[in-house]
Amino acid sequence: MSQTIVDTADEGSIRNGEREIAPERRGSECPECAGSIQHDEEHGERTCGECGLVLEADEIDYGPEWRAFDDTTDRRRVGAPVTPLRHDKGLSTTIGWENRDAYGNHLSERKREQLRRLRTWNERFTAKSAQERNLKQAFGELERMASALGLPKPCRETAGVLYRRAVEDGLLPGRSIEAMTTACLYAAARQHGTPRTLVAFASVSRVEKLPVQRAYRYLSEELGLQIEPADPIHYLPQYASELEISDDAERLAREILEAAMERDLHSGRSPAGLAAAAIYGAARLTNERVTQETIGDETGVSSVTVRNRYQELLAAYEETRDRR
DNA sequence: ACCTTATTCTATCGGAT
DNA sequence: ATCCGGTAGAATAAGGT
């Protein structure tokens, strides 16, 4: 949470001119309804507590930078980040099997005994660090995929923790590291309410969708993960920004989805599809020109699904609206 | 592991703007 | 000319046996 403070302090200077955000938006009140702004670090968003308006998504990661920007030697920001993603340095030693010294001479019985004990222990340590190397590689992959998908830090950490548990519980044998890391990240993203579709993960991962899916099932089964179906509303911020939809439309889409959920229109339907359809419906209501094709391309949902969903979504929305 | 069912996808077309 | 809405059949997901 200390990061939250850093963010708000830096924001004014860093973001000046970089984004077209009206000054009043940086305050703590929502420009629409004057509700208080919640800084939701987990979702990487700043949202209004009252109306759900998302002011900013996909925030900058404020981790340590490892360098100083000014001409002083002050490296205040340097410091080891304490994170579950740490691993050991992977250093290890190998001891040869021959009972000879560096000149090829035979060793005394006493020395041989000593070497045997050393080998035994070295074996144990290197076995351990082999696992650490495995973790290191896996964490590197996690970072790569997470940043490709714009997933915030807490989410990556959860993924790291999940992966470590998976390794410790011996879930890895018979499965590729890639598939398992991807599965962990997928699970973590859903737990954190920043879901991405499996297809999206497959596109940044080095493995196909199927092994990832298998690994995910296995993972959630074995670790007893309780992950609820993704909430379509969580897809809205990313879709809206990819499609360059106005804030108004995004908020409208949110209302549409809420109305739909009241009527249980969402059960059995794919969350991503619902979100895409809500965006389309909202854009249509606010007279923003977006074709079903474009939505489909950007969201990975087919245009057929978009049109099938958006009509019933709008119907539900209008009904709820009329009752007020 | 296989089967069932509901949902989504691909491909396609006629009609509307 | 492009977009929309609908349809058929294939593919896929999830649950049950």
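**Note on the predicted model: chain A and DNA strand B**

1. Chain A has 11 helices and 3 strands. Helices (H or I, at least four residues) and strands (E, at least two) are DSSP runs, numbered from the N terminus. Along the sequence the order is α-β-β-β-α-α-α-α-α-α-α-α-α-α.

2. This is a predicted model, in which local features need pLDDT of at least 70 and side-chain atom pairs count only at pLDDT 80 or more, while totals for chains, interfaces and linings use all residues. Residues are numbered from 1 along each chain as its sequence is written, and chains are lettered from A and ligands numbered from 1 in the order in which they are written.

3. Burial and contacts in chain A. Of its 324 residues, 30% count as buried. Buried means 20 or more other C-beta atoms within 10 Å of the residue's own; exposed means 12 or fewer, and partly exposed lies in between, with C-beta atoms placed from the backbone. Among contacts with a separation of 6 or more, 64% join residues 24 or more positions apart. A contact requires C-beta atoms, placed from the backbone, within 7 Å.

4. Helix H4 covers residues 177-191. Its 15 residues reach 21 Å from first C-alpha to last, close to the 21 Å expected at 1.5 Å a residue. The expected span is 1.5 Å times one less than the number of residues. H4 is largely enclosed by the rest of the structure, because 12 of its 15 residues are buried. Among them are Met-180, Cys-184, Leu-185, Tyr-186 and Arg-190. Just after H4, Gly-193 has a positive phi of about 70 degrees.

5. Helix H8 covers residues 247-262. Its 16 residues should span 22 Å at 1.5 Å a residue, and the end C-alpha atoms are 23 Å apart, which agrees. The buried residues of H8 include Glu-250, Arg-251 and Arg-254, along with Leu-252, Ile-256 and Leu-257.

6. The surroundings of DNA strand B. The residues here are Gly-268, Arg-269, Ser-270, Gly-273, Val-301, Ser-302, Val-304 and Thr-305. Near means that the C-beta atom, placed from the backbone, lies within 6 Å of the strand. By class there are 2 nonpolar, 5 polar and 1 charged residues. Ala, Val, Leu, Ile, Met, Phe, Trp, Tyr, Cys and Pro count as nonpolar, Asp, Glu, Lys and Arg as charged, and the others, Gly among them, as polar.

7. Val-304 is one of the residues around DNA strand B. Val-304 lies in helix H11 (residues 303-322). With 11 other C-beta atoms within 10 Å, Val-304 is exposed. Its C-alpha is 8.3 Å from that of Gln-292, 12 residues away along the chain.

Definitions and conventions
Two residues are in contact if their C-beta atoms, placed from the backbone, lie within 7 Å.
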